[in-house]
Amino acid sequence: MLQGEFELKSDYRPSGDQPQAIESLVDGISKKLRYQTLLGATGTGKTFTIANVIQQVQKPTLVIAHNKTLAAQLCNEFRDFFPDNAVEYFVSYYDYYQPEAYIAKSDTYIEKEAMINQEIDRLRHNATQALLTRRDVIICASVSCIYGLGAPVEYLKSALQIAIGDDMKRSDVLSRLVEMQFTRLTNTDLVRGSFRTTGAVLEVMPANEEKIYRIEAPRGFVDAILVMDPVTKRIIREQKDMWLFPAKHFITDAENRERALKAIREELKDRVSFFEKQGKLLEADRLDRRTKYDLEMMENLGYCNGIENYSRHMSGRHAGEAPDSLFSYFPEDFLLVVDESHVTIPQLGGMYEGDRSRKQNLIDHGFRLPSAADNRPMKFSELEEKFKQLIMVSATPSQYEMSHSQKIVEQIIRPTGLIDPEVIIRPITPTIPTKCVRKNEHDRITDLGLSQVDDAILRIEEVTKRGDRVLVTTLTKKMAEDLSNFLKEKGMKSRYLHSDIDTIERLEILSDFRRGNYDVVVGVNLLREGLDLPEVALVCILDADKEGFLRSETSLIQTIGRAARNVRGQVVLYADNMTESMRKAIAETERRRTKQIAYNKEHGITPKTIIKEVKDIRKELGLEGGSSDEKNIKEILKLELTAETHDLKQVVKQKTTEMKQAAQDLQFELAAILRDEIGILNKELKNRDKEIKKSESSPKKPRGTRHGRTR
């Protein structure tokens with residue numbers, strides 16, 4: 001296979017509605033249709049359909065999801081389908097982000113605070129470098145991909161190629177690396193985006209991988225290029241040449257930097273003059289000091305904190321012009337896929353205005369130059385210009401998809417023959433039997449029927465007894481927590497799930513749910529995870545008649561679909577009134593069921609529950625057997641801590657490498673366990689250091705005494 005060609009590898013073959021959907025979408029792309037929609041019911045294999053489309057059209061592809069978790073799930077699936085091609089992950093690299101802001105009412109300036117996830121930063125560099133060097137690329141991104149990013153022209157122009165036999169002038173190469181924002185280190189271990197030199201040897205760790213490249217030039221010419229493991233220093237391979245890309249996306253060469261600095265000074269002069277004419281001397285002085293400090297940093301280091309606020313000048317764009325973004329790194333003929341478009345499209349459309357109001361406040365009060373407003377996400381109108389060929393994927397397309405699409409392709413029939421679940425309606429409040437007559441207002445009537453919670457509990461008990469799982473959706477976080485605790489008191493294995501639980505813990509809960517550690521998961525919005533849970537046979541939707549975002553037609557159809565991967569799938573809507581959203585959701589579910597049942601009957605298909613392996617983290621760690629993961633992990637650590645042949649610091653380094661590799665492979669559960677192991681080891685190291693210091697500082701007892709003699 002030539003590099004640049006997609007090759008789909010899978011044991012599956014398109015079936016159900018997939019063949020006609022693939023053919024129709026490919027036909028639309030060949031006819032240059034700009035907008036298409038894949039209306040795919042839950043569990044029909046929409047990702048596999050898109051993978052087949054990519055295989056046939058052979059276009060670099062950007063897949064946008066509305067959150068990081070969904071993007072990670074899609075990335076894993078596409079990596080399985082295209083193991084020999086570049087499938088990359090591009091999301092916001094902030095673990096924590098407090099944007100710069102100014103609150104005029106209280107005269108409060110909030111400085112930008114951010115904690116960058118170095119592993120995600122590395123994956124972002126992987127993505128942009130893949131796009132600039134090959135065509136067989138799929139990028140799975142979150143909506144953050146529409147934010148400003150360094151110009152690809154400057155990023156590519158700054159790249160450095162080193163090959164065997166090159167005349168390597170040491171001073172020139174080192175200067176070039178500094179210009180590319182690499183950091184020079186001496187005795188410390190190399191990290192991403194750093195280098196060090198020893199005589200005629202240069203060692204550098206690129207921004208996009210955790211490997212050391214050792215360039216040896218003993219006679220002034222490159223004699224060897226070795227790739228080494230950063231922990232063991234073992235040589236992995238030798239290369240004839242290598243490419244080094246800048247350590248940061250916002251990069252510019254010396255000539256353009258001088259032009260940009262001149263433009264920034266001119267804008268500063270005009271803006272200070274504007275404030276002085278308005279009598280705003282505080283704002284004028286503040287802007288003058290802050291900007292001149294940034295200018296000095298850029299002149300001397302080529303970089304400053306918040307350099308993205310000067311991106312318009314760095315790239316030479318005009319005021320108001322759309323910023324460079326991930327889209328700028330794609331060739332003109334790329335394919336765009338928007339997953340869960342009914343959610344993702346509105347998110348993309350609303351990002352500009354929120355960013356704009358915050359930036360304008362900073363500009364008006366002298367914290368930033370007016371050009372800082374051009375460091376922004378794209379406006380939706382600008383984004384639409386990038387929609388050369390777009391496939392919107394959703395089980396419940398919204399008005400945007402329906403009005404813009406030149407072709408809507410339905411994918412309702414599942415390869416497994418599974419049909420949409422049966423929908424049952426039950427009341428929220430207990431019903432009063434007609435035979436019961438209240439004698440007076442103080443009488444208690446005990447035979448009032450079942451409330452929604454009582455009814456749900458009876459159904460949950462029945463379903464979990466046969467080994468199936470249950471999802472319950474509530475309207476509030478507190479209700480989710482209270483109901484989960486109530487179910488635990490009833491002896492059920494229950495867990496709540498909502499937005500206050502971080503991403504890795506959510507993934508761990510869902511995996512434990514699939515394994516059977518929990519029988520019931522209670523949550524507010526169980527759609528945001530992109531749940532793929534074939535063990536779920538019952539979905540209970542409490543307060544289904546409370547109209548709103550969580551009980552809209554779209555949300556109800558999506559939630560009903562959570563039970564569509566199990567042959568015994570059933571959904572209960574608890575409602576006292578039939579809302580329009582409920583009526584439409586039930587009607588659409590029945591329409592699909594009718595079509596699916598007819599197809600199965602015509603083709604003699606017997607529906608089967610999807611069987612999907614649950615990855616066992618113990619096997620991945622080599623910890624098979626034992627009573628619990630925690631016990632096994634502690635036993636392994638105990639061996640590592642007591643083994644004389646192990647240097648604990650090296651053990652920590654090795655586990656850190658394994659953790660980063662797990663994160664790179666998007667195996668977040670494994671990464672979390674390794675992270676916990678590293679924490680335990682670091683505590684042990686600290687305790688040992690304390691003991692050593694304590695023993696060194698305490699007076700030694702004379703030999704031969706009762707407490708001091710040698711045993």
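1. In this predicted model, six strands form an open sheet in the order E20-E25-E24-E21-E23-E22, and their pairing is parallel. The edge positions are taken by strand E20 (422-426) and strand E22 (494-497); each has a single partner strand, so one side of each is left without a neighbour in the sheet. On average, neighbouring strands of the sheet are turned by 20° against each other, direction ignored.

2. Helix H13 (residues 452-465) touches E20, strand E21 (469-473), strand E23 (520-523), strand E24 (536-541) and E25, and its direction makes about 170° with that of E25. Helix H14 (residues 477-489) touches E21, E22 and E23, with its direction at about 175° to that of E22.

3. The largest nonpolar core comprises 36 residues, and Val 53, Phe 78, Phe 82, Ile 138 and Ile 391 have the most contacts inside it. Among the elements giving two or more residues to this core are helix H1 (18-30), helix H2 (46-57), helix H4 (118-133) and strand E8 (137-141). H3 supplies the largest share, seven residues.

4. Ile 138 may be inspected individually. Leaving aside residues up to four places away in sequence, Ile 138 touches Phe 6, Ile 54, Thr 61, Val 63, Phe 78, Phe 82, Ala 86, Val 87 and Glu 88.

Conventions
Residues numbered from 1 in each chain as written. Predicted model: local features only at pLDDT ≥ 70, side-chain atom pairs only at ≥ 80, totals over all residues. Heavy atoms only, no water. Pairing = 2+ DSSP bridges. Helix = DSSP H or I, 4+ residues; strand = E, 2+ residues; numbered from the N terminus. Axes fitted to C-alpha atoms, helices over the stretch in contact; angles between N-to-C directions. Contact = heavy atoms within 4.5 Å. Core = buried A, V, L, I, M, F, W, Y, C linked by side-chain atoms within 4.5 Å. Buried < 20%, exposed > 50% of the residue type's maximum accessible area, 1.4 Å probe, protein only.
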